[in-house]
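The stops below are given in the order in which to select them.

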Amino acid sequence: MKPRFQFTIHATEGKARTGVIQMRRGEIRTPAFMPVGTAATVKAMKPQDVRATGADIILGNTYHLMLRPGAERMARLGGLHKFMNWDRPILTDSGGYQVMSLSELRKITEEGVTFASHIDGSRHMLSPERSMEIQRLLGSDIVMCFDECPKIDQPRDVIARSMEMSMRWAKRSREAFDAGGDHAECSALFGIQQGALDESLRKTSADALAEIGFDGYAIGGLAVGEGQEAMFSTLDFAPGQLPADRPRYLMGVGKPDDLVGAVERGVDMFDCVLPTRSGRNGQAFTWSGPLNMRNARHAEDTGPVDPRCSCPTCATYTRAYLHHLIKAGEMLGAMLLTEHNISFYQQLMQGMRDAIAEQRFTAFAADFRRDYFRKE
Ligand SMILES: [Zn+2]
């Protein structure tokens, strides 16, 4: 039988690692990028097309799915995988971050968070126990602990108190997950390190999580407006504080150059809305840097979005056509650019995995930055 959760590191170079996570629903090659499927869909893409880009796992959002269609309804319909026709692993977030960023009328106590839906104003509650229950009802493969992600610019004592509550919530999440019966037997639970940009708070958080014990460890509370330099400074120490034999997941990151810099610092997993959201807004990521497809210079360009890209969009359509579709507000423009962007991200991850395996990642990262930031 396939393992519940097994992480094997195949090669390292400096702090960078490549390997594989084996789970019941399939393998996840690392470093991995998880496209975001917020509302039971990776926006503008069919699941089989997401898979064809090379994605091994996608992310679902607990906050959105608990509000619509609702966790109990999802369970009656057979779970998220069946509902959306994706049979490979799904990671669900805990809802904590989005309750803070999207909902109204929040009240945070030791018990949990009560809030009003951003859709219809209805009242809801999330706690470690309810978050674990919702993620179980969805049928999540990788469940995230319920935590609080505080605003990054607050005083150290506020960050410290928030982190300490998140660690108590991590213990409650562990206990509630373990009481989940069959679901706990075939899925995994990740803890989330907090502590903002502070090295000693991050260490305290990492030690508290390791004491509880998790299948993997996320680095939370970054990519919230601190900027790349501060994020990289934190990533110079944060991954190394977490258990080395477990996957490390940097939540909500990021731009292609963020991914390369974070892999250099020892991160194994990522998720971000950027490739999908940018695709809908007319932005294409390429090996030569981001392109705004609305720009008039593409109007009569018969070349592909990225000549180095192997995706169906680049094999079939011209920059001129994509420029036209985006300018005209046609849905196909969003679909084709989303497919390209997700494909580009997966090709970037594959390039990093191959480079680490072949001990040439340092050169790969230097070449990537030279081409990506080259001024035309
Ligand atoms: Zn492409």
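**Stop one: the metal site**

Select the zinc ion: Cys309 (SG), Cys311 (SG), Cys314 (SG) and His340 (ND1) coordinate the metal at 2.1 to 2.3 Å. Donors here are N, O and S atoms within 2.8 Å of the metal (3.2 Å for Na, K and Ca), and water is not among the atoms, so sites may look incomplete. This is a predicted model, in which local features need pLDDT of at least 70 and side-chain atom pairs pLDDT 80 or more, while totals for chains, interfaces and linings use all residues. Residues are numbered from 1 along each chain as its sequence is written, and side-chain values use heavy atoms, without hydrogens and water.

Display the angles at the zinc ion next. They run from 99 to 117 degrees across the four donor atoms, so the arrangement is tetrahedral (four donors, all angles between 85 and 135 degrees). For reference, the ideal angle for four tetrahedral donors is 109.5 degrees. In the sequence panel, the donor residues of the zinc ion follow the spacing C-x1-C-x2-C-x25-H.

**Stop two: the surface around the site**

Colour by accessibility. Cysteine 311 and cysteine 314 are both buried (under 20% relative accessible area). Serine 310 is exposed, at 62% relative accessible area (exposed is over 50%).

Note on methods
Buried < 20%, exposed > 50% of the residue type's maximum accessible area, 1.4 Å probe, protein only. Tetrahedral: all angles 85-135°; square planar, octahedral: opposite > 155°, others 65-115°.
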